[in-house]
Amino acid sequence: MMKVKWGVIGCGGIADRRTLPGMMLAENAELVAVMDANADAANRCKEKYNAKYAFDKAEDLLALDEIQAVYIASPVFCHKEQVALAAKAKKDILLEKPMGLSVAESMEIKAICEQEGVKLGVAFMMRFHSYHQKMRELISAGTIGEVVSARAQFTCWYPEMENCWRQNKKLSGGGAMLDMAIHPMDLIRYITGLEVDEATGFTGNQIFKYNVDDAGIGVYKMNNGALCVVEAAFNIPDDASVGKLEIYGTKGSMIAKGTLSQEEGGELEVLALDSVGGYDAQQNRSTVAPIPVEVTFGNMYTKEIEAFGRAVLGEGEIPVTAEDAIRSQKAIEDVYTLN
Ligand SMILES: NC(=O)c1ccc[n+]([C@@H]2O[C@H](COP(=O)([O-])OP(=O)(O)OC[C@H]3O[C@@H](n4cnc5c(N)ncnc54)[C@H](O)[C@@H]3O)[C@@H](O)[C@H]2O)c1
């Protein structure tokens with residue numbers, strides 16, 4: 001089997017905790033080099049994941065001819081410059097979400113890659129969760145009829161920390177809405193195949209005083225008229241967070257709990273009605289029970305790396321294109337512009 005030779009730029013939380021372990025299991029991937037501005041982090045990942053090289057400058061990693069693709073998992077404010085360097089070095093790029101600090105910057109990033117003729121994919125790994133794949137399949141099979149609404153809540157506890165790039169708008173582009181809500185927004189688009197027509201909502205700073213939102217709610221009208229709500233928060237304790245994704249249609253519903261996560265898991269219940277009948281003035285609820293759906297869990301990061309790897313090798317399409325990712329970012333940015 002052909003393998004993509006990878007370089008990794010940014011060896012912090014998501015790379016070290018999730019994507020590199022996932023890459024180790026990918027059948028078409030070989031890790032060649034890692035880079036982090038913090039040399040200790042790069043050296044630690046070199047040892048841990050058996051890479052050949054560790055660097056503290058992106059240019060040094062990109063100078064290696066053998067590297068075909070890079071995974072960029074640095075803070076958002078570094079993305080544009082590093083994409084430009086990688087594209088110039090003719091490396092294909094898998095870029096962490098959000099692509100850029102703003103939709104305008106993400107569009108520049110897309111244009112840079114087009115100009116240099118390199119492939120650009122965006123790391124919305126939750127699309128690879130077995131339950132989210134299943135939900136997409138069920139929607140396209142018409143199992144719950146026409147989608148009329150969706151609701152999602154994705155939260156965590158993220159108190160003030162010194163020198164935290166995510167808590168500084170100039171470095172992150174936004175708080176809970178951009179960092180968290182972008183995932184369920186992306187999933188609603190991916191699972192239903194619908195696009196956002198109109199957006200409204202709120203963002204706030206109720207508990208934490210950093211200069212990004214500690215909570216946000218986006219309310220969306222989709223292109224078939226469906227109404228959706230996406231909530232994100234940095235101010236709900238982890239133990240109180242449910243991570244729900246609900247989709248309702250004219251023939252039933254799909255309720256996922258605990259699937260909005262960095263690990264494959266959670267549960268999915270589907271209610272699919274054979275017939276709906278007329279208006280019931282008594283509003284008697286039927287005895288039809290939702291059915292738990294079974295899937296075999298895998299590793300979202302392994303699937304993500306393998307899928308982008310197939311695109312690099314000319315064996316498949318880019319799983320999440322820049323254009324696709326920018327639509328999810330725009331849905332979030334539209335809420336910021338109202339607040
Ligand atoms: N897909 C997901 O669910 C998910 C989850 C977490 C983070 N992310 C994204 O991944 C990216 C990184 O987030 P994180 O949580 O891993 O951040 P982090 O702060 O944990 O790690 C960032 C790493 O980048 C390093 N770094 C800083 N400046 C650098 C530079 N100029 N060049 C190279 N490395 C540099 C830091 O030393 C650190 O090791 C962000 O885009 C974030 O939104 C995605």
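How many bridges join strand β7 to strand β11? In this predicted model, where local features need pLDDT of at least 70 and side-chain atom pairs count only at pLDDT 80 or more, totals for chains, interfaces and linings use all residues. Residues are numbered from 1 along each chain as its sequence is written.

The count turns out to be 6, with β7 (residues 147-155) and β11 (residues 244-249) running antiparallel. Strands here are DSSP runs of E of at least two residues, helices are runs of H or I of at least four, and both are numbered from the N terminus; two strands pair if DSSP finds at least two bridges between them. Within this pairing, alanine 152 sits opposite leucine 245 of β11. β11 also pairs with strand β12 (residues 252-257), again antiparallel and over 6 bridges. There, glutamate 246 faces isoleucine 255 of β12.

Zooming out, the chain splits into domain 1 (4-124 + 302-319) and domain 2 (130-263 + 265-298), with bounds from an automatic or database domain assignment. Their centres, taken over C-alpha atoms, are 28 Å apart. Each domain puts 11 residues into the contact, where residues count as touching if their C-beta atoms, placed from the backbone, lie within 7 Å. On the domain 1 side, the elements giving two or more residues are α4 (76-88) and α9 (300-312).

Technical notes. Contact = placed C-beta atoms within 7 Å.
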